[in-house]
Amino acid sequence: MKISSSYSDFKIFTGNSHIELAEEIASVMGKPLGKSEVKTFSDGEISVNIGETVRGRDIFIIQSTCNPVNNNLMELLILIDALKRASAGRVNAVIPYYGYARQDRKAKARDPITAKLVANLISAAGADRVVTMDLHAAQIQGYFDIPMDHLLGMPVLVKHFRKIRLEDLVIVSPDLGSVTRARTMAQALEAPIAIIDKRRQKANESEIMHVIGDIEGKNCILVDDMIDTAGTITNAANKLTELGARDVYACATHGVLSGKAIERIEQSTIKEMVLLNTIPLSDEKRIDKIRVLSVASLFAEAMGNIYSNNSVSKMFD
């Protein structure tokens, strides 16, 4: 029997974590979101009801595991389970922001490795593939025993900064862990790099020690994978300005923006912070200094390639 390969043979579902992005991706792909109801019982348990047949279909579930992390993760797991039990063909978990990724190794005795634990949970729930963007550490790809497609947000950020054509540009890594990311952007924008040497006193707190590289009189772009409490990025920006940088921009894929992040960004010397919309921003976080770019087209292209069994990696060649 010939298997149909029509575009209508896949369906897109979402939980409650980022409905706006899911609708945008579905619109780019010319598809409506699948009918589903994801709600919470009075005791906090999550209930999922799939409102249409999915038998034999390719399924994409779009769900960022952002705040509230535990609720959104459980929604994802229960959606996967519901769709597998409804005899879906392949279930692809599309996770624009992969939570619990920062605990990716045992930094000290008796630490958990939550990035691996979450990978195990997603596999155990029945996912056949995971699609995500800019993991906190690249080795997390190896924590999955199912296929993993790791998308890069860098092309979207590079395209934006090419448009504004900054002169005397330097790409700055806010810490040693982001040097590879900074080097990639520097190569794309044909700019030199600088590195900030910091000392982390404890979680979410850091102190700038040295700046390695020439930043005096230059336009600087700080680049990171995520901005959480914004302590590191704002301290770095203030230090660069203190040392004679002209204008300081910042960019990252994931805008977690917890705690006093917005207050710190407002009070910092950052001229513009560019984020991708892997995590929804509430109205109070949409300040003038923050610009949000969409990754919907990137995810839509990747999902289309996965469905049609074409290469995803060629998107970034």
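These legends walk through several close-up views of one predicted protein model.

Residues are counted from 1 along each chain as its sequence is written, and side-chain values rest on heavy atoms, with hydrogens and water left out. Since this is a predicted model, local features need pLDDT of at least 70 and side-chain atom pairs count only at pLDDT 80 or more, while totals for chains, interfaces and linings use all residues.

**View 1. Confidence in the model.** Let's start with pLDDT, the predictor's confidence in each residue, from 0 to 100. Its mean over the protein is 93, and 94% of the residues reach 70 or more. Residues 1-7 are another matter: there pLDDT stays under 50. For that stretch the model has 7 contacts beyond four places in sequence, a contact being heavy atoms within 4.5 Å.

View 2. Helices (H or I, at least four residues) and strands (E, at least two) are DSSP runs, numbered from the N terminus. Two strands pair if DSSP finds at least two bridges between them. In this sheet the order is 1-4-5-6-7, and the pairing is parallel. At the edges sit strand 1 (10-14) and strand 7 (148-151), each pairing on one side only. From one strand to the next, the twist averages 20 degrees; angles like this run from 0 to 180 degrees between N-to-C directions, with axes as lines fitted to C-alpha atoms, for helices over the stretch in contact.

**View 3. Strand 4 and its partners.** Strand 4 (residues 58-62) pairs with strand 1 in the parallel sense over 5 bridges, and with strand 5 (residues 91-95), also parallel, over 4 bridges. Look for Ile-62: Thr-14 stands opposite it, and its bridge partner in strand 5 is Val-94. Strand 4 is mostly covered, with 5 of its 5 residues buried; here buried means under 20% relative accessible area, exposed over 50%, and partly exposed in between (1.4 Å probe, protein chains only). Asp-58, Phe-60 and Ile-62 point one way, while Ile-59 and Ile-61 point the other.

View 4. Thr-65 belongs to the loop between strand 4 and helix 2 (69-85). With a relative accessible area of 4%, Thr-65 is buried. A polar atom of its side chain lies 2.6 Å from the backbone nitrogen of Gly-99. Beyond its neighbours within four places in sequence, Thr-65 touches several residues, among them Asn-72, Leu-76, Ile-95 and Tyr-97.

**View 5. Asp-228 meets Arg-102.** Find Asp-228 in the loop between strand 11 (219-227) and helix 6 (231-242). It counts as buried, at 13% relative accessibility. Its side chain makes a polar contact with that of Arg-102, at 2.6 Å. A polar contact is a pair of N or O atoms within 3.5 Å; within protein, one must be able to donate a hydrogen and the other to accept it, and residues adjacent in sequence count only if both atoms are side-chain atoms.

View 6. The structure holds 0 disulfides, a disulfide being a pair of cysteine sulfur atoms within 2.5 Å. For Cys-251, the nearest cysteine sulfur is that of Cys-220, 12 Å away. Cys-251 is buried, at 0% relative accessibility. Cys-66 is buried too, at 2%.
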